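Open the model in your viewer and keep the selection panel at hand.

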Amino acid sequence: RGGDLGFDVVIAQPAAMPLVGKLGQILGPRGLMPSPKQGTVTTQIGAAVRDARKGQLRFRADRGGIVHGCIGRRSFSAEALSENLLALLADLRRVRPASAKGNYLQRVVLSTTMGPSVPVDVADLETRS
């Protein structure tokens, strides 16, 4: 409540959600509110913390089919960012619904939080992964 948010992920047990819910106005706009869909509300706290420390990628898709996710920070090397992007794409291919027909990834565009976007050649990514 003091405003100091020196963390990237909030993990909670289901029993603690009434307490964490009171912080929803602070955590929600920053994308830090725990949810079962993201795996941040769990009874297996140890495993969730280990996954978060290892740098588990979290992404979400909106109704328009656009996938939102973070693949790194400014301090990451180009190799680390490339590795994270390929891991994200591999995960997207893994969760592809069987009913999806045709070209699943039509376009890939990367951008910083408040910067311009950079298109990425999908064919080049297909050969790397």
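Select helix α4, residues 78-94. Its 17 residues should span 24 Å at 1.5 Å a residue, and the end C-alpha atoms are 24 Å apart, so the two agree. The expected span is 1.5 Å times one less than the number of residues. Helices (H or I, at least four residues) and strands (E, at least two) are DSSP runs, numbered from the N terminus.

A note on reading this predicted model: local features need pLDDT of at least 70, side-chain atom pairs count only at pLDDT 80 or more, and totals for chains, interfaces and linings use all residues. Residues are numbered from 1 along each chain as its sequence is written, and side-chain values use heavy atoms, leaving out hydrogens and water.

Stay on α4 and show side chains. N84, L85, L86, L88, L89 and L92 are buried (under 20% relative accessible area, 1.4 Å probe, protein chains only).

Next, color by pLDDT, the predictor's confidence in each residue, from 0 to 100. Among the elements, strand β4 (residues 117-120) has the highest mean, 89. Helix α5 (residues 122-128) has the lowest, 75. The protein averages 80, and 94% of the residues score at least 70.

Finally, zoom out. The protein has five helices and four strands, in the order α-α-α-β-β-α-β-β-α. Buried residues make up 16% of the 129 residues.

Key
Buried < 20%, exposed > 50% of the residue type's maximum accessible area, 1.4 Å probe, protein only.
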